[in-house]
Amino acid sequence: MSAQPQKIKTCLWFDGQAEEAAELYTSLFDDSRVTQVQRYSEVGPGEPGSVMVVMFELAGTEFMGLNGGPEFQFTEAASVYVDCDDQKEVDRLWSALTADGGQEGPCGWLKDKYGLSWQIIPRVLDELITDPDPARSGRAMKAMLSMGKLDVQALVDAADGK
């Protein structure tokens, strides 16, 4: 018996770079792959043979990349949130996603070279900012608000009042 397909998927609108983006994204996460590439036919509206849609999985979650043209751009109103195990993962993803024209943002946010917003967040941040001690959680939140790429040790130190 085969697994049920994912019922809800995210569609990402690109201006011709869907396949390139999917290849980059799938190279960054375990359990990731391009699953299908659909091409425009003579019917159009794109150039016959060019990529229309790329279906891909990131860490087991399905996405669709659509080469829809320049009409729509990504905004920070939607982002991909990555729950990182540790500083090493934060550093690796931050470097890869800001490379070649990506932009660093505040509080663990960045834009990749395609303009897609990502939140690269160490798992410990949630533990720190939901700490039952309001002084401890407040110090962690204040530290996070002052950072671009998040620094796990600095967050822990701030929460601990160091």
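Predicted model: local features only at pLDDT ≥ 70, side-chain atom pairs only at ≥ 80, totals over all residues.
**Group meeting: the cores and the open sheet**

Leaving out neighbours within four places in sequence, Phe56 is in contact with Leu12, Ala22, Tyr25, Thr26, Arg33, Val34, Thr35, Thr61, Glu62, Phe63, Met64 and Gly65, where contact means heavy atoms within 4.5 Å. Residues are numbered from 1 along each chain as its sequence is written, and side-chain values use heavy atoms, with hydrogens and water left out.

Phe56 also leads us to the core. The largest nonpolar core has 25 residues, and Tyr25, Phe56, Val82, Trp118 and Ile120 have the most contacts inside it. A nonpolar core is a set of buried Ala, Val, Leu, Ile, Met, Phe, Trp, Tyr and Cys residues joined through side-chain atoms within 4.5 Å. Buried means under 20% relative accessible area, exposed over 50%, and partly exposed in between, with a 1.4 Å probe and protein chains only.

Which elements each supply at least two residues of this core? They are β1 (10–14), α1 (18–28), β3 (51–58), β5 (79–84), α2 (87–98) and β8 (117–122). Helices (H or I, at least four residues) and strands (E, at least two) are DSSP runs, numbered from the N terminus. The largest share, 5 residues, comes from α1. Apart from this core lies another of 12 residues, including Cys107, Met144, Met147 and Leu155.

Let us turn to the sheet. Four strands form an open sheet, in the order β1-β4-β3-β2, with mixed pairing; two strands pair if DSSP finds at least two bridges between them. β1 and β2 (33–39) stand at the edges with a single partner strand each, so one side of each has no neighbour in the sheet. From one strand to the next, the twist averages 20°.

β2 and β3 pair in the antiparallel sense over 6 bridges, and Arg33 has Glu57 in β3 as its bridge partner. Helix α1 packs on the sheet, touching β1, β2, β3 and β4 (61–67).

Finally, consider Thr98, in helix α2. Is Thr98 buried or exposed? Thr98 is buried, because its relative accessible area is 15%. Its side chain reaches the backbone oxygen of Trp94 at 2.7 Å. Leaving aside neighbours within four places in sequence, Thr98 is in contact with Gln103, Glu104 and Leu110.

Definitions and conventions: Polar contact = N/O pair within 3.5 Å; in protein donor to acceptor, adjacent residues only side chain to side chain. Axes fitted to C-alpha atoms, helices over the stretch in contact; angles between N-to-C directions.
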